[in-house]
Amino acid sequence: MKLNRRHLLAGATLITAARPGLSRAAKEPIRIGVPTALTGPYGDLGNQVKRATDFAAEAANAAGGIDGRQVEVRYLDTEGRADLAREQGEKLALSGYNLLMSTIASGEGLAIGPQLLRWNAIYISTINKADDITGKACNRRMFRVNHPDSSDVAVVQPWLKQQKQRTWAIQAGDTAWGHNSGMSFSRAAQEDGRSVEAEQYSPFGTNDYAPYIQKIVDSGAEGLWVALAGRDAITFAQQARQFGLLDKVFTAGVSFIADNQVKTLGDAAKGIVGIINYSSTLDTPGNQAFVAAWQKKYPGTTPTNFEAEAYVGTEVLFQAVKKAGSVQPADVGRAMEGTTFATIFGGALLRKEDHQLMTPNYFGYVGIVDGVAKPIINMTVAADVAFPPPNGSCKLAG
Amino acid sequence: MLIQILNGLVYGGLLYVLAVGLVLIFGLRRVVNFAHGSLFMIGAYVGYTVTAVAGFWAGLIASVCVLTAIGAALDRFVFRPLQDEDPIVTMLVTFGLLLVLEDAARTIWGKEFLTVQPPAILSGVVHLAGTSFPVYRLAVIGAAILVAGGLSLWLRFSRVGLYVRASSVDPLTTGMQGVDTDRLSAMVVAIGAGLAGLSGTISAPLVALSPSMGGSILIDSFVVVVTGGLGSFTGAFIAAMVIGQLHNLGVVFVPAAASMIPLVLMVLVLIWRPGGLVKAGA
């Protein structure tokens, strides 16, 4: 028999009909875009985000995907800069990676927020702490799964009441989060009858903290509150230790005793206390499974706070995609509002009013575990206390 | 206030040791070397690696030696072949080198921040004006004075120093007088890179090491070089000391504008004296 085009067409139709899997297009993958700081003073934080997101995506794909969808992740470097975050976020969103997550600096998240509708994207904050993300700059397409500054303040207030130091100094970064945190601590201290003798904000990427340290010494403050992260936190702690400041002035902070920073500082961090947003020692079933899987993939390590927060972002996103049955950003966003998600912290509600995920928050100190300096939790604040009700500043637009 | 002045001297001293390398390289090769920040960074990492094995002083020496060798190679394989090209070409190549070296550091030493402890003999504090001041910071001031004094003596009183000064003012005429300017340039670029290595290791106990650490301090160093006068050794010293003080006093008195002050100074100096504070070669 001579083969002609008609025979070929008929054959192809038969094969297709016999194997329905071939006729149906595979489900659209979950495309996650991560515009994050892979270099610069926040480079270490961005690389922690990358490690956790890769971990979540690989685990999901190895288990056959999420609701039959493969997970694809693309990263672009923002250097921790708001202008670059906006640029890289746009590139990712317009190339189809429109489920955006995990910038580092709050200014980056705030720069991305207003563009989401135009880009047809959503953004999930996993690291940004400025209250405005879920406050006056909130919008229908922006979500947060990590602890904002207001939650950290809710932890600080009861802790501060137990402290004997009456005079305080504040050292924070000259960033949206730094100012937010500094002002919140200042307000909390003053409401508790304490005085703030020095309040200073150092530029992002400062190399020499000596003049700031000397001003803290000159202020005569008994306590020091530090809101610095990444390279800034390490450089400050190193120089403050050399000046003898950390031995003389009781030091506490937020993001200051993050796992990797403590690991780098070693003994220099010993005795510092602060807010700990996550610890690998949490005894929830979800966290135990997460830590076990993490240690299998990265032997000899435990997940850091930033890695865990980025991972929670993927947990929420995957469950929302499953619930929505779609990867369209608007559908996924709707599926997130008012939903309770299974997370490593346990069940957590993503509040409808301001798109904030409510999880417990913690306070602790740097101690030595198995010869290694680590943040250790000594106070847990339940989610309903750690997250005061929305104050009405968030009007979900967009 | 004495402590803040000392702090200004420390920062100024660090800037000087880094910036004078830029001045040397610009003076002889007429190259605005963007890779200088990454040489500083590689110097810090080499110092870190050797310090972990053989102590701080070995780290310091190793860093200077390794960076001097890198500088000699940089001149032989990059600056010399490009010397007749448009300066913008060489500048872009050095910018590319900066990115390559940052990625190389990321591959070799990883992405996590690293720290170096000062040597035991320079640890601790001394009590000055009723307050504590780290001994290591005093040593940084001492190192900057030694570098400034040593370079000054070498440039003023040695035959090679004379050639360097002559070549930085007029390389063509210097070459016509029988001076091998290529060899001279190779030596000077090697010394400039060695100084970047020295400043990297000296800075290591003060800052967190990261592959991008050279970027921000390089900008301050360029401000020093441009304010002092491109190619002027004395100008670099004066500008570094002034900028070190302004940086500190700015934080004390006008914190909101502190990071802007050195840039404002540079603009004012360039309006007043477009060639910088001191003429090239001085």
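Trainee: In chain A, what share of the contacts with a separation of 6 or more comes from residues 24 or more positions apart?

Mentor: That share is 68%. A contact here means two C-beta atoms, placed from the backbone, lying within 7 Å. Mind that the model is predicted: local features need pLDDT of at least 70, side-chain atom pairs count only at pLDDT 80 or more, and totals for chains, interfaces and linings use all residues. Residues are numbered from 1 along each chain as its sequence is written, while chains are lettered from A and ligands numbered from 1 in the order in which they are written.

Trainee: How many helices and strands does chain A have?

Mentor: Chain A has 16 helices and 14 strands, taken as DSSP runs numbered from the N terminus (H or I, at least four residues, for helices; E, at least two, for strands).

Trainee: Why is chain A called as compact as a globular protein of that length?

Mentor: Its radius of gyration, over C-alpha atoms, is set against 2.2 Å times the number of residues to the power 0.38. For 398 residues that rule gives 21 Å and chain A comes to 23 Å, which is close, so the label holds.

Trainee: What makes helix 8 of chain B mostly covered?

Mentor: Of its 23 residues, 21 are buried, meaning 20 or more other C-beta atoms within 10 Å of their own, C-beta atoms being placed from the backbone.

Trainee: Why are strand 7 and strand 14 of chain A said to stand at the edges?

Mentor: Strands pair if DSSP finds at least two bridges between them. In chain A, 7 strands form an open sheet in the order 7-6-8-9-10-13-14, with mixed pairing. Strand 7 (195-202) and strand 14 (372-381) each have a single partner strand, so one side of each lacks a neighbour in the sheet.

Trainee: What makes strand 10 and strand 13 of chain A a pair?

Mentor: They share 4 bridges in the antiparallel sense. For Ile275(A), the bridge partner in strand 13 is Phe363(A).

Trainee: How many residues of chain A touch chain B?

Mentor: There are 27, in contact with 28 residues of chain B. Helix 3 (43-62) is among the chain A elements giving two or more residues to that side.

Note on methods: Buried ≥ 20, exposed ≤ 12 C-beta atoms within 10 Å, placed from the backbone.
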